[in-house]
Amino acid sequence: MTGCTRRLTLIAALLGIAFAAPASAEEAYDPWPGLVQDIFNNRPMNDGTDVIAIEMPYRAEDAAIVPVTLRSKLSPADSRRIRSITLVIDRNPAPMAAKFDLGPDANVSEISTRVRVNNYTDVHAVAELSDGQLYVSKTYVKASGGCSAPAGKNAEEAKNHLGQMRYRQFAREDAPASRIREAQIMIGHPNNSGLQMDQVTQLYIPAFFINQLKLTQDDSPVLSMEGGISISEDPNLRFTYVSNGAKRFRAEAKDTDGHVFRNEWDVEKSGT
């Protein structure tokens, strides 16, 4: 190898290191310890493998509507129950996507929704149990740009559907014996993240999203959600719970502009 060739090879190698270093540093950075401090006040985290499952696609088809399912793995013989589940998307601009508080008598065992994912990231599900302890599980998702992706509806269409709610109930073969119900609540709302740009004015659209949701059977709590900018446009929750015999299912949602939306349905009618 000539001296000139050696020098060119060395320069190429150094350039390769220079360009690779920032990416490696970014990949090596783990925001989770800081999030444990900021969101959970540095409370101890226990292995949640046998407590809470989190399911998401490894590679998302659409970063603005990534499906996520949270499922209890507690055995029927376990005397503890899950009080709340916090969903954290580590590398999102606002990492705490949602906190779900579960009704003490509703026995909610599964919750599915759709979220925005802004970068390749770990996603954590943290369950607080009735023993006062926190249990964590995680998964990894490859997606990017979900928080800044343009809305699916234009502003006028979104305004016309603002706060409209739909309730669906799904048939289950075991329902008559166990009283387990599977239901879905859908809310018309743009859930603007504050990071999306108006394609006409080229200005950022202000954050505007559902930040509270309460679901009850009659007046008995089923679950409530504290939501953030990571919940996708037109929030959608699908969940299982145990019926207490109530005839009416109720929903109340609030958004960051102070709007309050309410509706109720006959639980014996599906698809209303």
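Me: Is Q202 buried, exposed or partly exposed?
Reply: First, a word on the source: this is a predicted model, where local features need pLDDT of at least 70, side-chain atom pairs count only at pLDDT 80 or more, and totals for chains, interfaces and linings use all residues. Residues are numbered from 1 along each chain as its sequence is written, and side-chain values use heavy atoms, leaving out hydrogens and water. Buried means under 20% relative accessible area, exposed over 50% and partly exposed in between, using a 1.4 Å probe and protein chains only. Q202 has a relative accessible area of 46%, so Q202 is partly exposed.

Me: Where does Q202 lie?
Reply: Phi of Q202 is near 65°, a positive value in a residue other than glycine. Q202 sits in the loop between β10 (180-187) and β11.

Me: How many helices and strands are there in the protein?
Reply: The protein has 272 residues, and 42% of them are buried. Its helices and strands number 4 and 15.

Me: Which strands stand at the edges of the sheet of 9 strands?
Reply: The order in this open sheet is β1-β8-β7-β4-β5-β12-β11-β14-β15, with mixed pairing; two strands pair if DSSP finds at least two bridges between them. Strands of a sheet pair through backbone hydrogen bonds, either parallel or antiparallel. Each edge strand has a single partner, so one side of it is left without a neighbour in the sheet; these strands are β1 (45-47) and β15 (260-266).

Me: What angle does the direction of helix α2 make with that of β4?
Reply: Helix α2 (residues 32-40) packs on this sheet and touches β1, β4 (82-89), β5 (96-102), β7 (121-129) and β8 (134-141); contact means heavy atoms within 4.5 Å. Axes are lines fitted to C-alpha atoms, for helices over the stretch in contact, and angles run from 0 to 180 degrees between N-to-C directions. With the direction of β4, that of α2 makes about 135°.

Me: How many residues of β7 are buried?
Reply: β7 is joined to β4 by 7 bridges and to β8 by 8 bridges, and both pairs run antiparallel. β7 is mostly covered, and of its 9 residues the number buried is 8.

Me: Which residue in β8 does V126 stand opposite?
Reply: The hairpin of β7 and β8 has 4 residues between the strands, and among them G132 takes a positive phi near 85°. The residue in β8 that stands opposite V126 is V136.

Me: How many residues apart in sequence are the parts that E128 and R43 tie together?
Reply: The two side chains meet in a salt bridge (3.4 Å, N to O), that is, a side-chain nitrogen of Lys or Arg within 4 Å of a carboxyl oxygen of Asp or Glu. E128 counts as buried at 19% relative accessibility, and R43 as partly exposed at 31%. E128 lies in strand β7 and R43 in the loop between α2 and β1, so the parts they tie together are apart in sequence by 85 residues.

Me: Which residues are joined with D219 into one network of salt bridges?
Reply: The side chains of D219 and R250 meet in a salt bridge (3.5 Å, N to O). D219 lies in the loop between β11 and β12 (220-227) and R250 in strand β14, so the pair ties together parts that are 31 residues apart in sequence. Through salt bridges that share partners, D219 is joined with R248, R250 and E264.

Me: Which strands stand at the edges of the sheet of 6 strands?
Reply: This open sheet has the order β2-β3-β6-β13-β10-β9, with antiparallel pairing. Its neighbouring strands are turned by 15° against each other on average, direction ignored. Each edge strand has a single partner, and these strands are β2 (52-55) and β9 (165-170).

Note on methods:
Helices (H or I, at least four residues) and strands (E, at least two) are DSSP runs, numbered from the N terminus.
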